[in-house]
Amino acid sequence: MAYPDFTLENKLSGVIAGVDEVGRGPLAGPVISAAVVFTNRDTIIEGINDSKKLTARNRQVLYEKIISVAKFGIGIASVAEINSYNILQATKLSMERALVNLGIELDYVLVDGNQPPKVKWQVKSIVKGDSLSVSVAAASIVAKVTRDQLMQELHNQYPEYNWYKNKGYGTKGHIDAINLYGVTEHHRKSFAPILNSTKWALL
């Protein structure tokens with residue numbers, strides 16, 4: 001298996017942040033982005049990769065290692081913001097917040113995908129960036145673990161939807177639960193099948 005490295009970062013100069021998001025597709029929960037800066041690129045954490053290629057256990061172990069040596073910021077765009085704008089604009093908003101929450105001045109921002117946020121720093125969009133850049137891959141891990149923890153907390157409030165397992169994605173079990181119990185304030189009312197539902201759970 002090929003792992004991301006610092007090749008992209010080393011071609012640039014200065015302080016470089018990697019940014020990635022998680023949660024664009026689910027029917028419930030916010031979209032969350034993370035921004036990560038490795039101030040010392042000689043620090044090698046073995047096994048960092050696109051979070052989707054890792055087990056939950058490996059993500060948690062790597063998350064602890066990443067936050068112990070790197071600077072990071074978290075940005076959240078709420079369900080209300082997703083409903084008010086759209087998922088693309090909410091995703092960009094979460095990325096902007098993650099970068100601001102880093103609390104440091106940057107020279108470059110490496111962003112996974114091809115829809116970067118508009119920020120004051122120079123931005124380089126990289127398709128499949130979480131498979132190429134260690135900084136972006138680390139951001140994908142931090143964002144994923146953070147969102148999974150949040151979905152566990154929401155599951156404790158609404159266990160009927162099994163968010164601890166499906167993370168808000170539109171699995172058959174989740175859709176069956178929506179049909180049975182209705183939708184909550186944590187569901188994205190702008191997403192089908194939520195958009196067409198007339199049944200709301202007690203809030």
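Select glutamate 81 and arginine 97: they form a salt bridge (a side-chain nitrogen of Lys or Arg within 4 Å of a carboxyl oxygen of Asp or Glu), and their closest N and O atoms are 2.7 Å apart. Glutamate 81 sits in helix α3 (residues 79–84) and arginine 97 in helix α4 (residues 87–102), so the pair ties together parts 16 residues apart in sequence. Helices here are DSSP runs (H or I, at least four residues), strands are E runs of at least two, and both are numbered from the N terminus.

Now for burial, where buried means under 20% relative accessible area, exposed over 50%, and partly exposed in between (1.4 Å probe, protein chains only). Glutamate 81 counts as buried at 17%, while arginine 97 is partly exposed at 28%.

Before moving on, note that this is a predicted model: local features need pLDDT of at least 70 and side-chain atom pairs pLDDT 80 or more, while totals for chains, interfaces and linings use all residues. Residues are numbered from 1 along each chain as its sequence is written, and side-chain values use heavy atoms, with hydrogens and water left out.

Next, pick glutamate 105 and lysine 120, whose side chains meet at 3.1 Å, N to O. Glutamate 105 is in the loop between α4 and β4 (108–112), and lysine 120 is in the loop between β4 and β5 (122–126), 15 residues apart. Glutamate 105 is exposed at 53%, and lysine 120 is exposed at 64%.

Jump to helix α7 (residues 172–181), where lysine 172 and aspartate 176 are four residues apart, about one helical turn. Their closest N and O atoms are 2.8 Å apart in a salt bridge. Lysine 172 is exposed at 63%; aspartate 176 is partly exposed at 37%.

**Stop three: the nonpolar cores**

A nonpolar core is a set of buried Ala, Val, Leu, Ile, Met, Phe, Trp, Tyr and Cys residues joined through side-chain atoms within 4.5 Å. The largest has 21 residues, and Val36, Phe38, Ile48, Leu62, Ile66 and Ile141 touch the most other members. β2 (31–37), α2 (56–69) and α5 (134–157) each supply at least two residues, with α5 giving the most, eight.

To finish, select Val31, Ala77, Ala90 and Leu154: they are among the 17 residues of another core, apart from that one.
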